[in-house]
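Student: I'd like to learn how to read salt bridges in a protein model. Can you walk me through some?

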Amino acid sequence: MPTFEHGTVKIDVDEDGFMDNPEEWNDDIAVALATTEGVDNLTEEHWKLVHYLRDYYLKFGIAPMIRKLCKETGFPLKKVYELFPSGPAKGACKVAGLSKPTGCV
């Protein structure tokens, strides 16, 4: 099982860098995982997306569809890609500590 380490953060991840234990997620882990996605500074807009994804995941056990994500956060898809260049599934979901999405987010 691979391990991701950044500063004081040390977590088990899958082969794609997603957390093995999403329940261990916290803000420090989010900041550390963001560096793997080319995001060195999480802004208020980043946190809005991350917390929306996290809350949705905790409530429903899956990541929301992209359309719902955009509608509920008010961010057009283009903005989501500006915030997380690798996209909502690979980037934003990883930073939010979700399991790797199985389909289209």
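Here the two of them talk through salt bridges.

Tutor: First, this is a predicted model, where local features need pLDDT of at least 70, side-chain atom pairs count only at pLDDT 80 or more, and totals for chains, interfaces and linings use all residues. Residues are numbered from 1 along each chain as its sequence is written, and side-chain values use heavy atoms, with hydrogens and water left out.

Student: How many salt bridges does a search of the whole structure find?

Tutor: Side chains of opposite charge can pair when their charged atoms come close. The cut-off is a side-chain nitrogen of Lys or Arg within 4 Å of a carboxyl oxygen of Asp or Glu. Searching the whole structure gives 6.

Student: Which residue forms a salt bridge with Glu37?

Tutor: That's Lys90, with the closest N and O atoms 3.3 Å apart. Glu37 sits in the loop between helix 1 (27-35) and helix 2 (44-60), and Lys90 in helix 5 (residues 87-95), so the pair ties together parts that are 53 residues apart in sequence. Helices here are DSSP runs (H or I, at least four residues), numbered from the N terminus.

Student: Is Glu37 buried or exposed?

Tutor: Buried means under 20% relative accessible area, exposed over 50%, partly exposed in between (1.4 Å probe, protein chains only). Glu37 has 7%, so it counts as buried, while Lys90, at 42%, is partly exposed.

Student: What about Lys68 and Glu72?

Tutor: Their side chains meet in a salt bridge, 3.8 Å from N to O. They are 4 residues apart in helix 3 (residues 66-73), about one helical turn.

Technical notes: Helices (H or I, at least four residues) and strands (E, at least two) are DSSP runs, numbered from the N terminus.
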